[in-house]
Amino acid sequence: QVQLVESGGGLVQAGGSLRLSCTASGRTFRTYVLGWFRQAPGKEREFVAAISWSGGNTYYADSVKGRFTISRDNAKNTLYLQMNSLKPEDTADYYCAADRGSGRYWSPYEYDYWGQGTQVTVSS
């Protein structure tokens, strides 16, 4: 199994940047599809970004395209989300997740392991 440990969340002003990290223990990420999801208070959990096991394919929600960049370092068993040009509407709890199968990357139901969530707050 995989345990995910997240870091990097915090407070930032609109227009600022944050870099989230998610590191695995217990098992390598090597063959896992990895994703980021977010959930604002009272809102549904939504897809943010995903990356294939090789890092060669990345996928983004329309709301973050051009602003967020997902990447992975398999040697470090670490997933990253670089968030630039942050907006107040980006405020949410952010979760990293790992999919050991070949399911739909945009669906939270396809992911087998989840981090605890890290809070991102963007002030205006």
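The structure is a predicted model, in which local features require pLDDT of at least 70 and side-chain atom pairs count only at pLDDT 80 or more, whereas totals for chains, interfaces and linings use all residues. Residues are numbered from 1 along each chain as its sequence is written, and side-chain values use heavy atoms, with hydrogens and water left out.

A disulfide was defined as a pair of cysteine sulfur atoms within 2.5 Å, and by this rule the count comes to one disulfide. The bond is formed by C22 and C96, whose sulfur atoms lie 1.9 Å apart. The pair links distant parts of the chain, with C22 in strand β3 (residues 18–25) and C96 in strand β9 (residues 92–99), 74 residues apart. Strands (E, at least two residues) and helices (H or I, at least four residues) are DSSP runs, numbered from the N terminus. The torsion about the S-S bond of C22 and C96 is about 55 degrees, and the disulfide is therefore right-handed. Both cysteines, C22 and C96, are buried.

Salt bridges were assigned where a side-chain nitrogen of Lys or Arg lies within 4 Å of a carboxyl oxygen of Asp or Glu. Under this criterion the model contains five salt bridges. A network of salt bridges links R38, E46, R67 and D90. Within this group, the side chains of R38 and E46 meet at an N to O distance of 2.6 Å. R38 is buried, with a relative accessible area of 5%, whereas E46 counts as partly exposed at 33% relative accessibility.

R38 also forms a salt bridge with D90, the closest N and O atoms being 2.9 Å apart. Because R38 lies in strand β4 (residues 33–39) and D90 in the loop between β8 (78–83) and β9, the pair ties together parts that are 52 residues apart in sequence. D90 is buried, its relative accessible area being 0%.

A further salt bridge joins D62 and K65, with the closest N and O atoms 3.1 Å apart. D62 counts as exposed, at 64% relative accessibility.

Technical notes. Buried means under 20% relative accessible area, exposed over 50%, partly exposed in between (1.4 Å probe, protein chains only).
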